[in-house]
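Here is a structure to go through in short questions and answers. Please keep the sequence and the 3D view open.

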Amino acid sequence: MMPSSSLSTTSSALSVGPVGRDGFTSPRRAIRDSSKINRLTNSNQPPPSYHDRHDPKTTKKDLRTLQRFLEVECWKLPQIRSLDRTLLAVSDACKQINRIVQRAQTDDLYGAALDPITGLELEANIQGESQQQLDVLCNTIMLRAFCGTANDAICAVASEEEPLPRSCADVMGYDLLASNNPLVVGGKTNIDGLKSSGGEGGGEFVAVFDPIDGSKNIDSSLPVGTVFGIYRRPDGGRKSAKYKSPDGTYDLDGFLQRGTNLVAAGYCLYSATTVLVLTLGSGVHGFTLDPDRQIFLQTHTNMRIPDVGPLYSFNEANSRDYSEPVQKFLKNMKSTGKIGGKKVTARYVGALVADVHNVLINGGIYGYPATRDNPNGKLRLLYESAPMAMIMEQAGGAGSTGYGRILDVLPPQPKWRKVTTDQEGATAAQDDCSSSDGSSSSSNDEADNWDEEAGKGIHVRVPTFLGSVENVFELDQFHKYYGEEGG
Ligand code: F6P
Ligand code: MN
């Protein structure tokens, strides 16, 4: 046997020794010594992975890549053809976030986010939570994924982490890239050029996302996720906008639509495996990240949620603050003990993406109901409830507020208070005359409460129930019989 002191510093020495009594190399020993060589040589090379040591053809499944899936599916659907590269960029962003999440315990990078100018801790985000570097990092990654694709399919984005939407021109800092940017004249952003090009660069779609859902779970090494949705702007952005931002660089019209106008929705779950679940409006498909090759492979084709399932996923600690219909529904479920022939089971991870994924796979119901303190619950319509509801419906399940379909909920439309100038030049604030369906009959050019009204619209919350049709139907029935709106 080769003495360890004579081990060569090149890994090719491995093919020679160590040899066992039968004259063959012992694989276990070889593995042990290969990592030893790496240590001895101080090599940056990681020890060979399982697949480096085995013929990948015999162990890897022959699965379609996400890239191929997108090429084919987006080509089949001309109305979203331009989204294939965007969605691929989003999947790359998910890979980056996956790495960041996995390194959160070992890398000394993820404290509270600091203001780059003052060096002080950033103020709480729009949810009132203090922002962590990790939140800021993941938010930036998603912003760039949606806005950085060369074909400019997306014109503006809204993030759960930011108070207002942003045009992609703003996100990509076009004013910093003067030489590449047709909208920049003389080293300054040509705001008129931006406005005349449609404000947002003319893309047909807007994107909404929650970059890192359930981020509190990271400290305890539990699952987190990313959720996103893509809306087609009214008439693809050709129609003149009702709600144009005061600086003219984006409009709200694409964001303040019903979920029925989503053209794509997805989530990525960072858990035991990293899985990207996606719908383009014709079924739901799941792609698991191959950890060796770092590519998403289609592991779930045409996912279907069972019509009825045993899981219920609620934060039951809040149950005394739930409305009567929800309390009665849960009580009934537990006292019956069985549903669809299976024993009822509670599961709650505390990250929407993880809990909903579990319900999608096994059947049942996820709920974040209204509580006494939060009459619309906690989840955000745009970044969480609507994309998840689209996925559920596309998988044969349902998404409800208890009183109606989540995808039918129209976000609050702005009510402008305008600054008007009378003949003497004095200014006065006045409310506009929004009609009952929320549409405004006049322009918002002089609105002085843009931030407040835009924020209300894009960050609206909604009671959320998602899952198997039978389970969600039953929940709705409890609302119908015991609820205030339908009873
Ligand atoms: O984004 C909101 C969120 O973090 C969800 O991911 C999660 O389902 C929920 O909050 C958990 O809230 P709670 O701790 O109140 O149950
Ligand atoms: Mn969230």
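Q: Which elements cover the buried residues of helix 9?
A: Helices (H or I, at least four residues) and strands (E, at least two) are DSSP runs, numbered from the N terminus. A residue is buried if 20 or more other C-beta atoms lie within 10 Å of its own, exposed if 12 or fewer, and partly exposed in between, with C-beta atoms placed from the backbone. Two residues are in contact if their C-beta atoms, placed from the backbone, lie within 7 Å. The cover of helix 9 includes strand 11 (311-313), strand 12 (338-339) and helix 13 (469-482).

This is a predicted model: local features need pLDDT of at least 70, side-chain atom pairs count only at pLDDT 80 or more, and totals for chains, interfaces and linings use all residues. Residues are numbered from 1 along each chain as its sequence is written, while chains are lettered from A and ligands numbered from 1 in the order in which they are written.

Q: How far apart are the end C-alpha atoms of helix 9?
A: Helix 9 has 13 residues, 324-336. The expected span is 1.5 Å times one less than the number of residues. That gives 18 Å, and the distance between the end C-alpha atoms agrees: 18 Å.

Q: Within what arc do the buried residues of helix 9 fall?
A: The buried residues of helix 9 are P325, V326, F329, L330 and M333. The arc is taken from the directions from the helix axis to the C-beta atoms. Seen down the axis, the buried residues of helix 9 line one face, because they fall within an arc of 130 degrees.

Q: Which exposed residues does helix 9 carry on the face turned away from its buried side?
A: Look at the face of helix 9 turned away from the buried side. The exposed residues there are K331, N332, K334 and S335.

Q: Which residue follows helix 9?
A: Its phi is positive, near 80 degrees. The residue is G337.

Q: How many residues of strand 9 are buried?
A: Strand 9 covers residues 284-290. It is largely enclosed by the rest of the structure, because the buried residues number five of the seven.

Q: Which residue stands opposite V284 of strand 9?
A: Two strands pair if DSSP finds at least two bridges between them. Strand 8 (residues 274-279) pairs with strand 9 in the antiparallel sense over five bridges. The two form a hairpin with four residues between them, and G281 in the turn has a positive phi of about 90 degrees. Opposite V284 stands T279.

Q: Which residue is the bridge partner of D290?
A: Strand 9 and strand 10 (residues 295-300) run antiparallel, joined by five bridges. Their hairpin has four residues between the strands, and Q294 in the turn has a positive phi of about 55 degrees. The partner of D290, in strand 10, is I295.

Q: Which are the edge strands of the sheet of eight strands?
A: This open sheet has the order 2-1-5-6-7-8-9-10, with mixed pairing. Each edge strand pairs on one side only: strand 2 (166-167) and strand 10.

Q: What angle does helix 5 make with strand 7?
A: Axes are lines fitted to C-alpha atoms, for helices over the stretch in contact, and angles run from 0 to 180 degrees between N-to-C directions. Helix 5 (residues 84-102) packs on the sheet, touching strand 7 among others. The angle is about 20 degrees.

Q: Which residue is the bridge partner of G367?
A: Strand 15 (residues 364-368) and strand 19 (residues 464-467) pair in the antiparallel sense over four bridges. The partner of G367, in strand 19, is F465.
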